[in-house]
Amino acid sequence: ASDTSRGTLDCLRSHSRALGFRPACAARVASLTRTEMSDSRLMLLGGQLSHCREEAAQLCPNETAASKSLPVAKRYTGLMQCLQAKHAKLPEGACRVKVRSSLRVLAYFPTANSPLLAECRDQFTAYCGAPDGVDVMEDDALLRCLREHRALFTGGCRAKVMSIERMAHNEMDFNAEVSEACAVELRTQCRGVDSRQQLSCLERMGEVRAAKLAPTCSRVLQGFKERAA
């Protein structure tokens, strides 16, 4: 995994939804993402963890100790998941940037989110229309199911789903639904606005007649606001 190829994959991931890639290309990007997120050796090569040694020792001591006895392919998975869960406590710097980047990937590609799938597999199969199992679902379908059926999820699965919803409400970086529908508005009218303020930026645009939102953006934004209320 060279820096060039990894940079290309990151670029494709960041644009695959908003630009509407061909199905075969989008599927390939999703497949490569699942592979990357399932093998912690690739996380290590990508630098997600090399920048987080001090933070991991402080915030995730148990996971740091346990990682030493795990197989190489899984050695850093628990550690990264701990850092993701505690991302709000990370100080500004390279580690925080890398961990937030990994969280954004999971927000846009939920089929690569192994903790979510492990907790919700049976419920996703029951409620999300995947008769052959959640492993065959596409990210768009799973994201739609998370939105439309979140009231049906229970237990640990509901906790995971609501955590994702809260992140999407707090920061546009983690909101695949609105980011895709309002890509033009975010790129033009809200350009340079902090991720935590972009939702407010879009809402203000909708209130100003001269900066009317496109119909799709307006509809999706309204639906998101109603769920968050």
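A: The link of Cys60 and Cys82 is left-handed, with -95° about the S-S bond, and its sulfur atoms lie 2.0 Å apart, where a disulfide is taken as a pair of cysteine sulfur atoms within 2.5 Å. Cys60 lies in the loop between α4 and α5 (61-67) and Cys82 in helix α6, so the pair ties together parts that are 22 residues apart in sequence; helices here are DSSP runs of H or I with at least four residues, numbered from the N terminus. Cys60 is buried, with a relative accessible area of 0%, and Cys82 is buried as well, at 8%, buried meaning under 20% relative accessible area with a 1.4 Å probe and protein chains only.

The model is a predicted one, in which local features need pLDDT of at least 70 and side-chain atom pairs count only at pLDDT 80 or more, while totals for chains, interfaces and linings use all residues. Residues are numbered from 1 along each chain as its sequence is written, and side-chain values use heavy atoms, with hydrogens and water left out.

A search of the whole structure finds six disulfides, and another of them joins Cys52 to Cys95, with the sulfur atoms 2.1 Å apart. This link of Cys52 and Cys95 is right-handed, with 110° about the S-S bond. Cys52 lies in the loop between α3 (40-45) and α4 and Cys95 in helix α7, so this pair ties together parts that are 43 residues apart in sequence.

Key:
Helix = DSSP H or I, 4+ residues; strand = E, 2+ residues; numbered from the N terminus. Buried < 20%, exposed > 50% of the residue type's maximum accessible area, 1.4 Å probe, protein only.
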